[in-house]
Amino acid sequence: MLNGRPSSCFLDHPDYDSLLSRFNKLNVPLYLHPGLPLKSVQQAYFTGFSAEVNARLSMFAWGWHHEAGIHLLRLMLSGAFDKYPNLQVISGHWGEMLPFWLQRLDDSLPLAATGLSRTLTRTFQEHVYVTPSYANTAALPVYLRVNGC
């Protein structure tokens with residue numbers, strides 16, 4: 001399990017190729033758990049309210065999930081799942097927003113633009129396991145639709 005970014009970079013950075021290669025070889029999933037956004041991101045997006053609202057907004061209300069979703073999206077866009085066909089990721093909190101945006105992402109980032117071998121939706125379906133992590137069943141129909149259920 002990785003809590004947030006391992007550094008100022010996401011896992012799509014070349015410095016992490018050996019780590020992704022190892023997960024690929026071991027054929028075990030990597031759990032991308034949310035972590036705090038960088039201070040500069042917190043300052044730009046999650047301030048201007050009371051200290052309590054700023055903190056909650058930057059963490060469990062929105063920031064954590066956005067950060068984890070971007071992390072996974074960057075991995076997908078980097079071609080990591082093409083390069084490492086056995087790479088598997090666990091994404092909590094109903095997929096950290098990605099299932100809700102996959103169709104939009106496929107429409108906005110077609111294969112001709114990304115150079116990937118398959119759509120982001122297909123990559124998500126084939127390489128990402130989702131956990132609910134909280135009892136909001138409203139997200140279940142979206143997740144089921146993404147996975148063709």
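In which helix does Glu96 lie? Glu96 belongs to helix α6, which covers residues 93-96, and this briefing sets that residue in the context of the whole chain. The model is a predicted one, and its protein chain holds 10 helices and 4 strands. The 4 strands form an open sheet with parallel pairing, and the largest pocket, with a volume of about 220 Å³, counts Glu96 among the residues that line it.

**Overall form**

- The C-alpha trace of the protein chain spans about 45 × 35 × 30 Å along its principal axes.
- Of the 149 residues in the protein chain, 41% count as buried.
- As an example of separation within the chain, Ser108 and Glu52 are 56 residues apart in sequence, while their C-alpha atoms are 36 Å apart in space.
- Ser108 itself lies in helix α7, where it is partly exposed, with a relative accessible area of 45%.

**The sheet**

- Strands of a sheet pair through backbone hydrogen bonds, in either a parallel or an antiparallel sense.
- In this model the sheet is open and has the strand order β1-β2-β3-β4, with parallel pairing.
- The edges of the sheet are taken by β1 (2-3) and β4 (128-130), each of which has a single partner strand, so one side of each is left without a neighbour in the sheet.
- Strand β1 is joined by 2 bridges to strand β2 (residues 29-33), and these two run parallel; across this pairing, Leu2 stands opposite Leu32 in β2.
- Strands β2 and β3 pair in the parallel sense over 4 bridges, and here Tyr31 stands opposite Ile90 in β3.
- Strands β3 and β4 also run parallel and are joined by 3 bridges, with Ile90 standing opposite Tyr129 in β4.
- In a regular strand the side chains alternate between the two faces of the sheet.
- For strand β3 (residues 88-91) both faces are covered, as Gln88 and Ile90 on one side and Val89 and Ser91 on the other are all buried.

**The largest pocket**

- Rolling a probe the size of a water molecule over the atoms shows where empty space is left.
- The largest pocket, of about 220 Å³, is lined by Trp62, His65, His66, Gly69, Ile70, Leu73, Glu96, Met97, Leu98, Trp101 and Leu105.
- The elements that give two or more residues to this lining are α4 (63-77) and α7 (98-108), and the largest share, 5 residues, comes from α4.
- Sorted by class, the lining of the largest pocket has 7 nonpolar, 3 polar and 1 charged residues.

**Glu96 and Met97**

- Glu96, one of the lining residues of the largest pocket, is buried, because its relative accessible area is 1% and buried means under 20%.
- The phi angle of Glu96 is near 50 degrees, which is a positive value in a residue other than glycine.
- Met97, which also lines the largest pocket, has its place in the loop between α6 and α7.
- The phi angle of Met97 is near 80 degrees, again a positive value in a residue other than glycine.

**Aromatic pairs**

- The count of aromatic pairs in the model comes to 2.
- In one of them, the rings of Tyr45 and Phe46 have their centres 6.2 Å apart and their planes at 50 degrees, so the pair is tilted.
- Tyr45 counts as exposed at 61% relative accessibility, whereas Phe46 is buried, with a relative accessible area of 7%.
- Phe60 and Trp64 form an aromatic pair that is edge-to-face, at 6.0 Å centre to centre and with 70 degrees between the planes.
- Phe60 is partly exposed, with a relative accessible area of 40%, and Trp64 likewise counts as partly exposed, at 25% relative accessibility.

Technical notes. Residues numbered from 1 in each chain as written. Heavy atoms only, no water. 1 Å grid on protein atoms, 1.4 Å probe; cavity = no way out; pocket = protein on both sides within 12 Å on 5 of 7 lines; lining within 4 Å. Points joined across faces, edges and corners; volume = space filled by probe spheres on them. Nonpolar A, V, L, I, M, F, W, Y, C, P; charged D, E, K, R; others polar. Buried < 20%, exposed > 50% of the residue type's maximum accessible area, 1.4 Å probe, protein only. Phe/Tyr/Trp six-rings, centres within 6.5 Å; stacked < 30°, edge-to-face > 60°. Pairing = 2+ DSSP bridges.
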